[in-house]
Amino acid sequence: MVSYKRRRNEPLAMTKFEIDAKDAMGRVGTLEVGGRTVTTPALMPVVNPHLHKPDLSEAEIAITNSYIIYTGDSREEAVEDGVRSVVGDGFDGVVVTDSGSYQMSVYGDDEIDVSNREILEFQREIGTDVATPLDVPTPPDAAPETAKEDVETTSERVREAARLYDDYDDAPA
């Protein structure tokens, strides 16, 4: 199995997006993250490591859920060998990790036993390329005051991520 995990002393390459071509309302671009390149638009397979490791041989980017990895059987493998090892055999593309907010929206805050800081640090530990803070999912029918509070909480968690990752040379994007 081929896997890659950024190490603490290995700096993260700059993240950038460049528009390469435009036509009417469409754009073709290049996203560079952690030394890897994604041509956009791109399909981004969603991988649940508890179900199976799909064939990602033609994918340049994939997304998985760090909370599922954090609480599940694949945690040790992800910590030891990096998140790519649980996403797909030999996958060397960009890995985006979600934080577990979907589980929060489905099961409620009381069922999610991880803090924003813990899930951000875990995403860094497993070598994700693009980390996601624990945002607050707001239902479409939420009252305006609830939506405002959710946005404020999410914004504070994004600021916490920026402060946390600012202290690391190998922080994800």
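The tour below goes from the whole chain to a sheet, then to a core, and ends at a helix.

Before selecting anything, note that this is a predicted model, in which local features need pLDDT of at least 70 and side-chain atom pairs count only at pLDDT 80 or more, while totals for chains, interfaces and linings use all residues. Residues are numbered from 1 along each chain as its sequence is written, and side-chain values use heavy atoms, with hydrogens and water left out.

**The whole protein**

Read from the N terminus on, the elements run β-β-β-β-β-α-α-α-β-α-α-α. Of the 173 residues, 39% are buried, meaning under 20% relative accessible area with a 1.4 Å probe, protein chains only. The protein exposes about 10,100 Å², and carbon and sulfur atoms supply 50% of that area, as computed by the Shrake-Rupley method with a 1.4 Å probe.

**The sheet**

Next, select β4, β5 and β6, which form an open sheet in that order with parallel pairing; two strands pair if DSSP finds at least two bridges between them. The edge strands are β4 (46–47) and β6 (94–98), each of which pairs on one side only. Between β4 and β5 (residues 61–65) there are two bridges in the parallel sense, and Val47 stands opposite Thr64 in β5.

**The core**

Now show the side chains of Val83, Val87 and Ile119, which touch the most other members of the largest nonpolar core, a set of 18 residues. Such a core is made of buried Ala, Val, Leu, Ile, Met, Phe, Trp, Tyr and Cys residues joined through side-chain atoms within 4.5 Å. Helices α1 (66–71), α3 (84–87) and α5 each supply at least two residues of this core, and α1 gives the most, with three. Centre on Val87: leaving aside residues up to four places away in sequence, Val87 touches Val47 and Thr64, among others including Pro54, Leu56 and Val95, a contact being heavy atoms within 4.5 Å.

**The last stop**

Definitions and conventions: Helices (H or I, at least four residues) and strands (E, at least two) are DSSP runs, numbered from the N terminus. Buried means under 20% relative accessible area, exposed over 50%, partly exposed in between (1.4 Å probe, protein chains only).
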